[in-house]
Amino acid sequence: MSAGMDSAVGAETANTRAVTEQLAPRDAVFYYDETDRHPSSIVAVYVFDSRGAEPLDTAAAVCWAQERTGLAPLFRRRLRRVPFDLDLPYWVPDQAFDIAEHVLVEPAGADWDTVRRRLGEISAARVDLGRPPWKFHFFDRVHGVPGAPGPTTIAVLTFHHSAGDGVATRELEAELFSGRTASAAPGDAPWRAPVVGLRAALRFPYRLVCFAIGLRRAAAARAEVRARAAAGLLDEPLPFRPATRFNRAAGPGRTVDQVTLALSEVKAACARCLERTTVNDMMLTVVSGALATYLGEKGETPPESLAAMVPISMRGIAEWDSANRLGQMAVDLHTGVTDPLARLAAIRESVRRERRRTIDPAVLRYGARVETSPAWLLRLAGWARAQRSFAGAESIPLSNTTISNVPPTGDGLTFRGAPLLRAFGVLPVLDGDGLRHLVSSQGDELVITFQVDSAMMPDPERYRELLVQAFRDLVDALG
């Protein structure tokens, strides 16, 4: 998708025209992977200081959103499948677009606990792909938000992951909350399924030839990866990890909670390390310590170390023609190491090795097989993943939890004149991944937001305490 979300949100304030474009294969994976138990959603939350601001009602919220529908093609396009999945889906202008279907103002005066509960419900719901795949939920006059000086207005933006990743979200929010406006320009010609289906049928033999060539190239790249691993040039992650209580089928309940740390203190701790240590290294170590202690208190210490799926932005590393430009690292958390400094050192080394593997040219060539995969194969792969059962499983592929991080938010963001206090994201819980973390920051505030299956963790307040304690133990160990 050459003119997808990444390029659109970084443009000037000129109106963005909703044009027909085919979904890139890497973006289509999110489309085909989605099920009721595997939502493919981005959930971004923004907390604004609403002291002195005008009350927000539905008419005002709709007007605010309407004035910004021209900032990105996301707002006026929907996805349409090609007949018989002969080719990848297309982004097409929605001729029946009604912005009122995308803006919801929740009852005013809610408390923080109510908003957190609604965040769990919002993140668990699938985005409606029958219309442009985005929605705004607004909560006005929210009280009890930790660290807020008074009442707040909370905006929750959800959109389908096929439209962009965490970095693209940062670019989009910089446009939305900058004070600039742009009405949507007229879209191009309406969708004609028979014409698109005929074109796809004519291209089908060519797509098969590309797929066959891609398979040969992938096989050669995979052989090179194995040779490099055998020579000690690459360290491949363990294929399986011991399953925990968080690696079962997800139930209906969701809990969203978070821990706030001083970013200056985190950076000061990094600076005291003898070797170069990043904030990400520190946060992986904190989560590792909290997770190991929590399972130990439940009498469920795993027999071997656990691992985390850690996304990595491939911008500047690989030239991917897609809205999502993320790789996936499987980082050993060394949960069996009890000393905080030893655990930090081990995780730092695991991150270094996994990053080196992820950006290795041979590994990238092997991963490029998705770029020539036909739509029917991506759909079949998504269906196969949905059939996996986690009941009674003793092991889980690659990782036990997700720990993601996004770039800091920009300065000067406002909503109807109210300044931004905090921005964070919520990662939807999936089958087999019932505890997920997202690290975000703004100013001197670093937030670890976690979502967990309520049945898997009936005491999230204890996990929150353990996250703080793991950080304090690490800081104390660093002197």
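**View 1. A193 lies in helix α6 (residues 193-230).** Helices (H or I, at least four residues) and strands (E, at least two) are DSSP runs, numbered from the N terminus. The model is predicted: local features need pLDDT of at least 70, side-chain atom pairs count only at pLDDT 80 or more, and totals for chains, interfaces and linings use all residues. Residues are numbered from 1 along each chain as its sequence is written, and side-chain values use heavy atoms, with hydrogens and water left out. A193 has a relative accessibility of 24% and therefore counts as partly exposed; buried means under 20% relative accessible area, exposed over 50%, and partly exposed in between (1.4 Å probe, protein chains only). From C-alpha to C-alpha, A193 is 7.0 Å from P83 in space, although 110 residues separate the two in sequence.

**View 2. T169 is found in helix α5 (residues 166-176).** With a relative accessible area of 5%, T169 is buried. Its contacts, leaving aside neighbours within four places in sequence, are with I42, A44, Y46 and F159. Contact here means heavy atoms within 4.5 Å.

**View 3. Helix α2 (residues 25-33) is mostly covered.** Seven of the nine residues of α2 are buried: P25, R26, D27, A28, Y31, Y32 and D33. The cover over these buried residues includes the strands β3 (77-80) and β7 (152-160) and the helices α10 (361-367) and α11 (375-386). An α-helix has 3.6 residues a turn, so residues three or four places apart point the same way.

**View 4. C273 lies in the loop between α7 (263-271) and α8 (279-297).** At 13% relative accessibility, C273 counts as buried. Beyond its neighbours within four places in sequence, C273 is in contact with L344, R348 and L478. L129 is 144 residues from C273 in sequence and 48 Å from C273 in space, C-alpha to C-alpha.

**View 5. The structure holds zero disulfides.** C273 is in no disulfide, and the nearest cysteine sulfur, that of C270, is 6.0 Å away; a disulfide is a pair of cysteine sulfur atoms within 2.5 Å. Another cysteine, C210, counts as partly exposed, at 22% relative accessibility.

**View 6. The protein chain comes to twelve helices and 17 strands.** The radius of gyration of the chain is 23 Å, close to the 23 Å that the globule rule gives for 479 residues, so the chain is as compact as a globular protein of that length. That radius is taken over C-alpha atoms, and the globule rule is 2.2 Å times the number of residues to the power 0.38. The C-alpha trace spans about 65 × 65 × 40 Å along its principal axes. Of the 479 residues in the chain, 53% are buried. Among contacts between residues at least 6 apart in sequence, 80% join residues at least 24 apart. The mean positions of the 56 positive and 57 negative charges are 5 Å apart. Lys and Arg count as positive and Asp and Glu as negative, with His and the chain ends not counted; the place of a charge is taken as NZ of Lys, CZ of Arg, CG of Asp or CD of Glu.
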